[in-house]
Amino acid sequence: MISLEHLPPPPGCGYVTAYENDGRLRALGSTEALITTKNWLGGQFIEVTVGQEPVRTAHSKQEAREAFYAHTETPWQRIMFAYYEEGWEAALQEMIKCKDEGRLHHITSTAASVILKLCGIIAKAQALLPSPKRSGSSPVSPLALRGSGGSVVSVAWHPHTNILAAVFCDDTVRVFAAGRSITPLLKHRLQKSITHIAWMPYSASLLAVGCECGVLLWTLDPVNVVTRPSGSCVSLLAHPSATPISSLTWHPKGNLLVCVGGSNSQLVVWDVGREVPVVVHSGMGGSISLVIWSPDSSRLFVAYSSKIMRVFEVRNWTYEQWSLESPVQSAVWSSLGHLLLFVTQDDPVLYYLGFVPGEGIGGTQVAAQVADLTHTLVNAEDAEEISVGGAVMQLAWDTRSERLAIVFRDTECVALFHTHTHPTLHLAPGGFIRGEPGHVPVSVSFHQSFVSGSVLSVVWSSGQVQHVPMRYASREPLTSALSTSTFSTSVRATHNSLLNSSIPLNTSVAYSGSPITSPLTGGMFTSPGY
């Protein structure tokens, strides 16, 4: 089985991984690496910057806004503006400032001050109380690290255009495009505690933002770009069974959106055009932590906070279930939807499941271990000893399933594997991607429409977003079709040359199936036996 010790050594201290050429990662100084990346990507290069408006808290914005109020605005107009712009807390702050503008305003100001003080006392009391125990646990999300000091915490490439959305630590989203000086800033009073963002397929203008209150759908005009889209550009999809949002995923054709969240084990599917929700599954298993639609649209992967995961076929919403030793942390589908790679929260092992094309789910009954990601010490190119591996934060697979990136929770390097999925799954050592000294990778995202290899965007703990171009001859065309005769569940690992060693199966990852036959037309129903 392939392990991190098979990978080439990471760059030495002071060098940054700049690009991949001919299957090998190359490192340069940080300035030279940026220049090289710009030259390689040319017009497709997108620089993610904070811009002239710094990332700051809503309280500082409230103070700074006073200088720009029109003299003709009444106190009530200012209060309403503060409410729609920042929420009820900002409106109460504005009421307090109106105490010198009349007896009625003085009474209102006193009441607002009392309310704010009570809210502060309640918040302190809640902080002192022990947190309630939960059954199971949720994956550690990169967006949960928004308080680590960096400004950018996550990025998402558009699946078909050269557009990049970046989530900032103040719950704002900025949309970047190559060759465009205007960067739309998406901000709304309901947009708090962002957990997931995803572009709608086959639409250059619709972005789903999962947050505390539900899903905010931002509609952006790709022609008439404005710096600050108004409230008329956003609509809210909220369902009591999926609030707050923990995960969302688009149907590959973009007409349906699956949302999950809260403490429920219910799958909510939205018909986005009509804004109609349908609960397609409700059963035991704990709260749902992760959902991913397969690229061929035939299956839906669902992970729970408990130690189970399910794969649904979306025609009749039947499922197959696997029991795990630890809840799922991250998972990725292959480009054709016939392979699934996943990692759990506690085990530093990469698991694999194969699915036979055709009717039903068709998943292999036992998951195979394909890579050992155990924490280890490796020597860098300058002989420096570096800690790599351990608990995994995130998996990312490129559009053709030829480059697999793995982000760990506590190491400075991203592990990169070369992959090939036909006729069997092959893993080959790619190398380690390292940033500037002391910078830890937070999240990664592959450019989904790059045709000459791949581009991996890495968000570092400093808030910096680095693009790593990878130039290679693709073996997996996007239009390739899968033949059932070539499907095999055997897995081999390679290290420069093929090791020819079969991967042992992990018998602790068991399978059990329990079909549910209810199409996407009805309401709520319960899974028996779980």
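Does Glu412 count as buried, exposed or partly exposed, and what is its relative accessibility? Glu412 counts as partly exposed, at 25% relative accessibility. This is a predicted model.

**Arg434 and its partners**
- Arg434 and Glu412 meet through their side chains in a salt bridge, at 3.5 Å from N to O.
- The pair links distant parts of the chain, 22 residues apart. Arg434 lies in strand β29 (residues 425-434), while Glu412 sits in the loop between β27 (403-408) and β28 (413-420).
- Arg434 counts as buried, because its relative accessibility is 4%.
- Shared partners join Glu384, Glu412 and Arg434 into one salt-bridge network.

**Other salt bridges**
- The count of salt bridges comes to five.
- Arg274 pairs with Asp271, with the closest N and O atoms 3.0 Å apart. Arg274 is exposed at 61%, and Asp271 is partly exposed at 23%.
- Arg299 pairs with Asp296, with the closest N and O atoms 3.9 Å apart. Arg299 is buried at 3%, whereas Asp296 is partly exposed at 34%.

**Leu341**
- Leu341 belongs to strand β21 (residues 339-344). Its relative accessible area is 0%, so Leu341 is buried.
- Beyond neighbours within four places in sequence, Leu341 contacts residues including Ser330, Tyr352, Trp397 and Leu425.
- Ser330 is 11 residues from Leu341 in sequence, and their C-alpha atoms are 8.6 Å apart.

**Nonpolar surface patch**
- Val114, Leu118 and Ile121 form a nonpolar patch on the surface. Together they have about 280 Å² of accessible area.
- Leu118 is in helix α5 (residues 103-128) and is partly exposed at 47%.

Technical notes
Residues numbered from 1 in each chain as written. Predicted model: local features only at pLDDT ≥ 70, side-chain atom pairs only at ≥ 80, totals over all residues. Heavy atoms only, no water. Patch = residues over 30% accessible without salt bridge, like charges linked within 9 Å, V, L, I, M, F, W, Y side chains within 5 Å. Areas by Shrake-Rupley, 256 points an atom, 1.4 Å probe, with all protein chains shown as cover. Salt bridge = Lys/Arg side-chain N within 4 Å of Asp/Glu carboxyl O. Helix = DSSP H or I, 4+ residues; strand = E, 2+ residues; numbered from the N terminus. Buried < 20%, exposed > 50% of the residue type's maximum accessible area, 1.4 Å probe, protein only. Contact = heavy atoms within 4.5 Å.
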